[in-house]
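Subject: Structure for your review

Hello,

Here is the structure I promised to pass on. My notes on it follow below the display.

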Amino acid sequence: ASQLEPWSEYLTGEQGKAPEPFYDPLAFAVREAHRRGLELHAWFNPYRARHPSAKSPLAPTHLGRTHPELVKPYGGNLWMDPGEDSVRAFSTRVVMDVVRRYDVDGVHIDDYFYPYRERDAQGREIPFPDSASWERYVRSGGRLSRDDWRRSNVDRFVEGVYRAVKKEKPWVKFGISPFGSWRPGNPRQVTGFDAYEQLYADSRKWLVNGWLDYFTPQLYWQISRTGLSYPVLLRWWTEQNVMGRHMWPGNFTGQTLPTEAHWPASEIIGQIYVTRGIPGATGNVHFSMRSLMQDPDSLSTRLMRETYAEPALIPASPWLGRAHPARPGVTLRRDASGGTVLALEPAGRVPAAWWVVQSRYAAGWRTEILPGELRSYPLPADSTGAAPRVVSVYGVDRNGNEGPAATARP
């Protein structure tokens, strides 16, 4: 629900129409993610106003209706002009509306800034229609070239959103998933598309300046592809990460689905192990969920058995704060059916966003990540019906800082 933008047609088939019976999809998603020990990051395309696949007409509250001068037809899309101050302000307000009203853990910006270039029926490149904002900039005394001016517009938006998020809720992470290579020749063997020149996205600058908390370059190429090799690019990006932000490369996991360019599951498994072998890279972001749901080439089965056999915490973000939860009070008791119940009592002034519960059974340890609001939790028995022999619990705050552990025995 928003006072700034209409309801999506993906909910009801009609843009601007609320779901019936009414519910709030984002509130639901945040609540259910947190129940499962997951963070939820809200994902935005800050400038794309309408996708060619849209079926219903623009709602009366859509920006294309309320401020049509800010929305430009480009190819099959409607696109907001990043050169307009009011466009950047509007997109920032939309992001901050979500940050203020929902308990999201992060804000994520995709790789669409200035659009990928469109061509007409004759194959000629269509220029992006920003002449009005460009000429206004020149008349005001602006001295940048048009390309540098466009890059400056994107830089100002990225830095502005980062600072606005931190001012409102310092613990909410800000991440970006730009095109996977910065410029051809960086490093030397890299070839292909130049996002700096064509999307006006100086993604290296954002990383070097620390205008984000995690960086997810879309490394959508195979390990063996010489001109765009996954490990070569990932190693280069970690070398640019002078502020020590999280480096979580994006993996094209969807390529394991049956297509002409089909990848075996072993490619994605291998990319995860490559990531773990490069210092400074601490995780992976998979695109898209469809491939994980369909289990092509036993991909999901292998992920659960091999690389993701155990729960994992989001790595800590110490630049956002280093305080941590105090040691909790922990006791174990029997319930009416003879099961073991863990009782938790927070301590100190730093609240726990998550509890990490590690239970030792005869066959080994079991780890669970639970929401910090829990005060009791029924611990599962092992395959023989036996209760855990010892339980260790510690709190983790919203910045990922771990507190000291408390232990208890039945």
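A nonpolar patch on the surface is made up of L11, Y23 and F28, which together have about 270 Å² of accessible area. Please keep in mind that this is a predicted model. L11 counts as partly exposed because its relative accessibility is 36%, and the buried class ends at under 20%.

V30 belongs to helix 2 (residues 25-35). With 6% relative accessibility, V30 counts as buried. Its contacts, leaving aside neighbours within four places in sequence, are L40, D103 and V104. For a sense of scale, V30 and A343 are 313 residues apart in sequence, and their C-alpha atoms are 25 Å apart in space.

The cores

The largest nonpolar core contains 65 residues, and F113, F174 and W206 have the most contacts inside it. Not counting residues up to four places away in sequence, W206 touches F113, V154, D155, V158, I176, P178, A201, W211 and L212. Another core lies apart from the largest one; it has 14 residues, including V330, L332, V357 and L370.

Five strands make an open sheet with parallel pairing, in the order 1-5-6-7-8. Its edges are strand 1 (41-44) and strand 8 (246-247), each of which pairs on one side only.

Strand 6 can be followed on both sides. Four bridges pair strand 5 (residues 106-109) with strand 6 in the parallel sense, and I109 has I176 as its bridge partner in strand 6. Strand 6 (residues 173-176) is also joined to strand 7 (residues 214-215), in parallel, by two bridges. There, G175 is partnered with Y214 and I176 with F215.

Which way do the residues of strand 6 point? K173 and G175 point one way, F174 and I176 point the other way, and all of them are buried. F174 is also one of the residues with the most contacts inside the largest core, and I176 is among the residues that W206 touches.

The antiparallel pair

Strand 11 (residues 329-334) and strand 12 (residues 340-345) run antiparallel and are joined by six bridges. V330 has L344 as its bridge partner in strand 12, and V330 is also among the residues of the 14-residue core. The hairpin formed by these two strands has five residues between them, and G338 in this hairpin takes a positive phi near 90 degrees.

Helices

Helix 9 (residues 230-240) is largely enclosed by the rest of the structure, because eight of its 11 residues are buried. The buried residues are Y230, P231, L233, L234, W236, W237, T238 and Q240. They pack against helix 8 (203-209), strand 7, strand 8, strand 9 (250-251) and helix 10 (265-277).

T307 is part of helix 12 (residues 299-307). T307 is buried, with 8% relative accessible area. Leaving out residues up to four places away in sequence, T307 touches I269, I272, Y273, R276 and R302.

Backbone points to check

One runs from N186 to P187, with omega near 0 degrees; P187 is in the loop between strand 6 and helix 7 (195-198). Another joins F287 and S288, with omega about 5 degrees, and S288 is in the loop between strand 10 (285-286) and helix 11 (289-294).

Positive phi values also turn up in residues other than glycine. Y200 has phi near 60 degrees and is placed in the loop between helix 7 and helix 8. D297 has a positive phi of about 55 degrees and lies in the loop between helix 11 and helix 12.

D297 counts as partly exposed, at 45% relative accessibility.

Regards

How values were computed. Residues numbered from 1 in each chain as written. Predicted model: local features only at pLDDT ≥ 70, side-chain atom pairs only at ≥ 80, totals over all residues. Heavy atoms only, no water. Core = buried A, V, L, I, M, F, W, Y, C linked by side-chain atoms within 4.5 Å. Buried < 20%, exposed > 50% of the residue type's maximum accessible area, 1.4 Å probe, protein only. Contact = heavy atoms within 4.5 Å. Patch = residues over 30% accessible without salt bridge, like charges linked within 9 Å, V, L, I, M, F, W, Y side chains within 5 Å. Areas by Shrake-Rupley, 256 points an atom, 1.4 Å probe, with all protein chains shown as cover. Salt bridge = Lys/Arg side-chain N within 4 Å of Asp/Glu carboxyl O. Pairing = 2+ DSSP bridges.
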